[in-house]
Amino acid sequence: MRITKLEPIILHAPVTRGGIADSTHSITHWGAPGVAIHTDDGKVGYGFSGTHAHLPTDRLIVDCITESFDPLLIGEDPFEVRALWEKLYHKSEIYWVGRSGITHLALGAIDIALWDLKCKALGLPLWKLLGGSAQTKVEAYNTDGGWLNWSKEQLVSDCKRMVEEEGYRAVKIKVGGDSGNEDLRRLEAVREALGPEVRIMTDANGRWSLPQAIQLGSKLADFDVVWIEEPTAFDDVIGHKRLAESISTPIALGEQLYLAQQFRDFVHAGAVHYVQPDIVRLAGITEWWQVADLAHSYALPVVPHVGDMCQVHQHLCNAHPACQLLEYIPWLRDWMKDPAQVKDGFFFNSEVPGAGMEPTEEALKTINKI
Ligand SMILES: O=C(NO)[C@H](O)[C@H](O)[C@H](O)CO
Ligand SMILES: [Mg+2]
């Protein structure tokens, strides 16, 4: 099998109720800039990055795919995923301007598409190609009812519905609003509504200063939260280490980290407890697996961020022994041929050959019409 063509794709999918916000971002659509990789035997592999649907930067990502990486892939054997990852990552002119950021997001989409091709050529779902199930099932926690722009009433109503009607036993709510006391009042209302057994995660999306994170983070224990996610500046290893030494609530982070080496620094410093690698920020499945192995060697749970909207991470969590739990956000499910399925709070294992990000024919009709 040889690669014959890279076709750029940009999908923009509407988010829940037309707009969601966390402490740092406010979006109306989820962006999926990516690629369809065609081969000489007619197979097509699909891979996407995950963005906030900002068209100019989505175009930068797909241009990087078609202008910079394309010439390095035409004629290559897609089975050689790791060799191609090294070739593309270390292409010196690209490495000079990239190493993380736009070029890394572009490489991630390509890597996912190459794994997709490998799966399709062997007729296997990604989790089976990676070695089979490492656990009986992967639990889902739901993020899509906890947005910071929801009123407290909407927040409580969504979280109750997810638990009482949809079977979730864990939900995540956003903190990091303008008022720390309002954050705590919202958290208290959700805890009171859900009772003591349901697990609640909190996520500040990097908004707090270190003193704010120490002050507010120390109060989270009153509500028995599972973790505080991204409490302070995304790249601040020392700050998170100091916070981890100051509060009892575990720290979760990773959705903003591009490189395995960044995860190494946080893990080695004891600055993270729940490690959240994302294939769409790292350079795909190939780099994600390195981070999951690193975390596992430190006995740290891996609970990926889902910039792919669970489509590929459902496979990865099924296959990697460090994963028992995965975030659920549904924004791409109507655009995917094999949408991730959650029932009674657990993910189903897909048996469909592939890595999970093949769009529907309908979705492909919308591309490049954005
Ligand atoms: O932090 C998150 N999950 O843990 C969410 O993905 C972000 O809030 C959304 O992408 C909006 O920026
Ligand atoms: Mg987050």
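Analyst: Let me start with a charge and a ring: the charged end of Arg281 sits over the ring of Tyr258, 5.1 Å from its centre. Please keep in mind that this is a predicted model.

User: What makes the charged end of Lys137 count as sitting over the ring of Phe346?

Analyst: The charged end of Lys137 is 4.2 Å from the centre of the Phe346 ring, and the distance cut-off is within 6 Å. The angle also has to be within 35 degrees of the ring normal, and the pair is listed as sitting over the ring.

User: Why is the pair of Trp227 and Tyr274 called tilted?

Analyst: Their planes are at 45°. Under 30 degrees would be stacked and over 60 edge-to-face, with the rest tilted, so Trp227 and Tyr274 form a tilted pair. Their ring centres are 4.9 Å apart, and the limit for pairing is within 6.5 Å. This is one of nine aromatic pairs in the whole structure.

User: Which parts of the chain does that pair link?

Analyst: Distant ones: Trp227 lies in the loop between α8 (210–217) and β9 (228–229), while Tyr274 belongs to strand β11, and the two are 47 residues apart. Elsewhere, Trp30, Trp147 and Trp331 form one aromatic cluster.

User: Why does Trp227 count as buried?

Analyst: Its relative accessibility is 0%, and buried means under 20%, so Trp227 is buried.

User: How do you know that Lys120 and Glu358 form a salt bridge?

Analyst: Their closest N and O atoms are 2.6 Å apart, and the criterion is within 4 Å. Lys120 sits in helix α4 and Glu358 in the loop between β14 (346–347) and α13 (361–366), 238 residues apart. Both residues belong to a network of salt bridges that also links Asp116, Lys337 and Glu361. The whole structure has 22 salt bridges.

User: Is Lys120 buried or exposed?

Analyst: Lys120 has a relative accessible area of 19%; the cut-off for buried is under 20%, so Lys120 is buried.

User: What about the salt bridge between Arg199 and Glu139: which of the classes buried and partly exposed does each residue fall in?

Analyst: The closest N and O atoms of Arg199 and Glu139 are 2.5 Å apart. At 11%, Glu139 is under the 20% limit, so Glu139 is buried. Arg199, at 29%, falls between 20% and 50%, so Arg199 is partly exposed.

User: And why is His90 called partly exposed?

Analyst: Its relative accessible area is 45%, while exposed requires over 50%, so His90 is partly exposed. His90 is placed in the loop between α2 (81–89) and α3 (92–97).

Technical notes
Residues numbered from 1 in each chain as written. Chains lettered and ligands numbered in written order. Predicted model: local features only at pLDDT ≥ 70, side-chain atom pairs only at ≥ 80, totals over all residues. Heavy atoms only, no water. Phe/Tyr/Trp six-rings, centres within 6.5 Å; stacked < 30°, edge-to-face > 60°. Helix = DSSP H or I, 4+ residues; strand = E, 2+ residues; numbered from the N terminus. Buried < 20%, exposed > 50% of the residue type's maximum accessible area, 1.4 Å probe, protein only. Salt bridge = Lys/Arg side-chain N within 4 Å of Asp/Glu carboxyl O.
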